[in-house]
Amino acid sequence: MITPRAVNNMPAQPSYGGPPSTATLSVRALFKSFGTTEVLKGIDLHVQRSEMVFVLGPSGSGKSTMLRCCNLLEEPDSGAILIEGDKLTGPGVNLNRMRQRVGMVFQSFNLYPHLTALGNVMLALRRVLKMPRAQAEAVAVAALDKVGLSNRAGHYPSQLSGGQQQRVAIARALALKPTVMLFDEPTSALDPELVGDVLDVMRDVKEQGMTMLVVSHEMKFARDAADRVVFMDGGVIVEQGPPEQIFTAPTQERTRTFLSRFHG
Amino acid sequence: MEVFLDQFLNPAVLAKYAPLVLKGAGVTVVLSALIVLAGIVLGAGLACVRAYRIRALSFLIVIFADVLRALPPLVLILLVYFGLPNLGIVLSSFAVLFLVLTLVLAAFAEEIVWAGITATPKGQWEAARSTGLGFTQALVFVVLPQAVRMVIPPLTNRAIAITKMTALGMVIGVPDILGQATTAQSFSANATPLTLAALAYVAIFLPLVIASRWLEQRFAQKGH
């Protein structure tokens, strides 16, 4: 359903990739506390269609919480999340239907251990999209093919390497044809030699036009592949811009301090 | 030795009462199967209800599980069998035994399956919900299958322990193995029917014990 979109008369400010009103994923004035600790202190972020936005920041900066708010795995205290202008929360919103539009890839893969790779990808196709078995299987095989693992369809997660598991997890999210995909430190749990395969798959996904919001410490990949880098610290967005600018000429002291630890 | 054989393995008594004990074995098998089926289904069902974390419901389930696990089953059997008729509810001894042991097994099964549900990593729920599955779908298709696999060993052990208690039916006159054997024993003034009963129990439960060991190994190997 298409809802009328509010005309956004925000004052001129550096906006990246396009105006907020046309954003595929919009985070607006997001606040979130755990107990008395305020983790997110007013986040505004707009991701345009087919844009890959990388979120960097020290641990505890709120980047993962922000990401998890984008499909309501964490409930924001206030603010709004919009997918193509449609609110994620509110009266009359079917959250399960909205979540199909937001794919998520987790740090710890979270594959279902009792199902094969194919079963993992098929489950939501069958139970959420209500596809007949044959159709779900065809879609799932195609998704596994996209991540280069159609030959592992019958394997259980315990029979796959970490990198393969994460690629199956990407296929599981991809198969639902989401509008936007969230990646929560997708390579942090992987052995170094397995990281490359997962990043290659993410690059493929991007090249197919997927809108992606990525929380990760893969600086080199961010520099190569991201359209925009967002630096978060202390629950706010400190600065954002094209990767070259953020990595070579950050304007904020906190960004410089953070990056210097990675450049060595 | 002769006295022993005469008392415990008397051929004449054996021949006379074997059919009776065999009939009792049939009752034990049917009763056990019904109890295991109903008890585990009910217990798993209660554990699922508890997963919704509706405070009042969870509280009632915990009370149910704790009281039934605390009470000796024999007390419950006597209480129900001799108490309910005073309320105008008359159940057969078979029905009372089925009802009580099913509830007791359900109480244990609820706790065991619930432990499995809480031991399933939170990431499994999150992955399921992030693909648009509802809470119930995530529970049924993702969490419960893992939880049940995890708790198969304690569940089978408990199921065997509870079904063995069908022997308690003797005190209210259920014609199961022990019921038939004690009747035969008092008629014949000979312990041979009890020997038969012991053999019948071993014949029924030993395969179950072996099967549970096999199940345990199978699920341990798979590493799920």
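Okay, let's start inside chain B: Val80(B), Tyr81(B), Leu84(B), Pro85(B), Ile89(B), Val90(B), Leu91(B) and Val96(B) line the second largest cavity. Before I go on, this is a predicted model, where local features need pLDDT of at least 70, side-chain atom pairs count only at pLDDT 80 or more, and totals for chains, interfaces and linings use all residues. Residues are numbered from 1 along each chain as its sequence is written, chains are lettered from A and ligands numbered from 1 in the order in which they are written, and side-chain values use heavy atoms, with hydrogens and water left out.

A word on terms. On a 1 Å grid over the protein atoms alone, a cavity is a set of points where a 1.4 Å probe fits but cannot get out; a pocket is an open set with protein on both sides within 12 Å along at least five of seven lines; and lining residues have an atom within 4 Å of a point. Grid points are joined across faces, edges and corners, and a volume is the space filled by probe spheres set on the points.

Back to that second largest cavity: about 30 Å³ of space, and a lining of 8 nonpolar residues with no polar and no charged ones. For those classes, Ala, Val, Leu, Ile, Met, Phe, Trp, Tyr, Cys and Pro are nonpolar, Asp, Glu, Lys and Arg are charged, and the others, Gly among them, are polar.

How many cavities of 30 Å³ or more are there? The count is 2. The largest holds about 70 Å³, and its lining includes Gln100(A), Met104(A), Phe106(A) and Arg172(A), along with Ser130(B) and Thr131(B). The elements giving two or more residues to that lining are β6 (102-105) and α5 (162-174) of chain A. Helices here are DSSP runs of H or I with at least four residues, strands are runs of E with at least two, and both are numbered from the N terminus. By class, the lining of the largest cavity has 7 nonpolar, 4 polar and 1 charged.

Now the largest pocket, at about 420 Å³. Its lining has 20 residues, and Lys122(B), Trp125(B), Glu126(B), Arg129(B) and Phe135(B) lie nearest its centre. α6(B) gives the largest share, 4 residues. The lining splits into 10 nonpolar, 2 polar and 8 charged.

Over to the strands in chain A. β1(A) (residues 25-34) pairs antiparallel with β2(A) (residues 37-47) over 8 bridges; strands pair if DSSP finds at least two bridges between them. Ser26(A) has His46(A) as its bridge partner in β2(A). The two strands make a hairpin with 2 residues between them, and Gly35(A) in the turn has a positive phi of about 65°. β1(A) also runs antiparallel to β4(A) (residues 78-83), joined by 5 bridges, and there Leu25(A) is partnered by Ile83(A).

Last stop, helices in chain B. Asn157(B) sits in α7(B) (residues 135-164). Leaving out residues up to four places away in sequence, Asn157(B) touches Ser212(B) and Glu216(B), with contact meaning heavy atoms within 4.5 Å.

In α8(B), the buried residues include Ile177(B), Gly179(B) and Ala184(B). Just after α8(B), Ala189(B) takes a positive phi of about 50°.

How values were computed. Buried means under 20% relative accessible area, exposed over 50%, partly exposed in between (1.4 Å probe, protein chains only).
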